[in-house]
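Please open the structure in a viewer and keep the sequence at hand.

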Amino acid sequence: MDFEGIIPDWFKTFVDVGNTLLWGDFLIGLLIVAGLYFSISSKFVQFRWFKEMFNVLTEKGEILPNGKKGISPFQAFAISAASRVGTGNIAGVATAIVLGGPGAIFWMWVVAFFGAATAFFESTLAQVYKVKDSEGGFRGGPAYYMEKGLNQKWLGVLFAILITITFGFVFNGLQANTIAHAYEQAFNVDRWIIGIIVAALAGLVIFGGAKWIANVTGYIVPVMAVIYLGVVFVILVINYDQIIPMLSRIFTNAFGIREVFGGAVGAAILNGFQRGLFSNEAGMGSAPNAAASSAVSHPVKQGLIQSLGVFFDTMVVCTATAILILMYTDLSFGADAVQGIEVTQAAMTEQIGTFGATFIAIVILLFAYSSILGNYFYGQSNLYYIKENRFLLLAFKILVIVMIFIGSVMELDTAWATADLFMALMAVTNLVAVFGLSNVVWQVAADYKQQLKRGQKPVFETNNIRADLTSVEEWGYNRYAYRDEDK
């Protein structure tokens, strides 16, 4: 059955025009400028404090105001790694290679290296401006630092609307699309059937009838991430003699003379940036929502954790998947070639036999389904920021379920193109705020460095920062009521 007709032509045109305007030159340039600015202004924090990232990783979680132990840095890293390892690393890498050539992976590395600095800035800000939630923990993100840091409530509302649409509808549609394609390839099941099943399973959790599904998924996904990485790394060890040639292929394709004159470098850059942003989320403004929930003694610690997460996602997981795909003997390139999850399934099947497609289908089901639940809660959290209304929430839940089904029957290129457009809109809005608040991050990072030099465990208090933090609620004891210069 062909359901692609339910997607109106005007919407496809809107997506194509939007992507042309944003991704043609503007957003790639913005991501490069942002990455360079945050890297240089922080003296390349992602490189200079790389060792400190691992030091922070071993610390225990702080005690929350309600007496309970908060999320530790390692738990925060594990949660972010589990949420990042998924569709982008498995299906997104394949799409990047097919459309942009092997050189696209190099540009994913570039996005990750500079994006690690961007992730440090946005996640540190999320910690600075976080607020208490109803359960005694914390919540926050771009909408909060836009309102409290920039004093621009309207910008916070705009971002909250964008992330609600992007994660609640668009990304959930893409996750469902990936699941449906995987099971169509592995078991020859019609995508609309898979769409109904996934929508129903998501509905059980979204409407509160089966919280145990979310809990079970939360335990299984990290295990499956380890199993997936284990299988891929075993394959790479067995084929160790092909690793260097495949890495060489990535570099030569990224800069080769033939690729330059053939226009392939432009395609490699575009697809590398698009799939890199989708995979590691640096600068998009989504990770700060999770970063704000962590209980740490200093905001910089969570910034370092999220920066490390970007490296792990792209440099380790995406690279391993890329080498696996590049070893696939029947790999084809171009818009007319097979894309997405089906490529990864075929590459895995070539290595481990017919179970390869089934293995990837099982892995992506768990990864994508857990992402659907996480995406929903991202959307719900930001919907609450806009307005807490039970009828609005009910409408949101229904639309999420509908979009999961629609996404499962969309064509692959339509699903990815829609995701590209909306994550671009999120990134532009978020980066404007991060640029505007970069001076706060510089001062907070300087405070952290000074305490380290004194041999202290860094503990953040607002009165150590010259920037106006009167709107900050959850740090220190001095709310800037009595500043030294005011005495």
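**The whole protein**

The protein has 20 helices and 2 strands; helices (H or I, at least four residues) and strands (E, at least two) are DSSP runs, numbered from the N terminus. This is a predicted model, in which local features need pLDDT of at least 70 and side-chain atom pairs count only at pLDDT 80 or more, while totals for chains, interfaces and linings use all residues. Residues are numbered from 1 along each chain as its sequence is written, and side-chain values use heavy atoms, with hydrogens and water left out.

Display the surface next. The protein exposes about 20,100 Å², of which carbon and sulfur atoms supply 64%; accessible areas come from the Shrake-Rupley method with a 1.4 Å probe, and for residues only the protein chains shown count as cover. Of the 487 residues in the protein, 58% are buried. Buried means under 20% relative accessible area, exposed over 50%, and partly exposed in between (1.4 Å probe, protein chains only).

**Serine 408**

Select helix 18, residues 390-409, and find serine 408 within it. Is serine 408 buried or exposed? Its relative accessible area is 0%, so serine 408 counts as buried. Now show the atoms around it: serine 408 touches Gly173, Ala176, Asn177, Ala180, Arg191 and Gly195, leaving aside residues up to four places away in sequence. Contact here means heavy atoms within 4.5 Å. A polar atom of the serine 408 side chain also lies 2.6 Å from the backbone oxygen of phenylalanine 405.

**Aromatic pairs**

The structure holds 26 aromatic pairs. Rings of Phe, Tyr and Trp (its six-membered ring) pair if their centres lie within 6.5 Å; planes under 30 degrees apart count as stacked, over 60 as edge-to-face and the rest as tilted.

Select phenylalanine 106 and tryptophan 107, an edge-to-face pair with 5.0 Å centre to centre and 85 degrees between the planes. Phenylalanine 106 is buried at 14% relative accessible area, and tryptophan 107 is buried at 15%.

Move on to phenylalanine 120 and phenylalanine 121, which form an edge-to-face pair with 6.0 Å centre to centre and 75 degrees between the planes.

**Charges over rings**

Finally, select lysine 130, whose charged end sits over the ring of phenylalanine 138, 3.9 Å from its centre. The charged end of lysine 153 sits over the ring of tyrosine 385, 4.4 Å from its centre. A charge sits over a ring if NZ of Lys or CZ of Arg is within 6 Å of the ring centre and within 35 degrees of the ring normal.

Conventions: A polar contact is a pair of N or O atoms within 3.5 Å; within protein, one must be able to donate a hydrogen and the other to accept it, and residues adjacent in sequence count only if both atoms are side-chain atoms.
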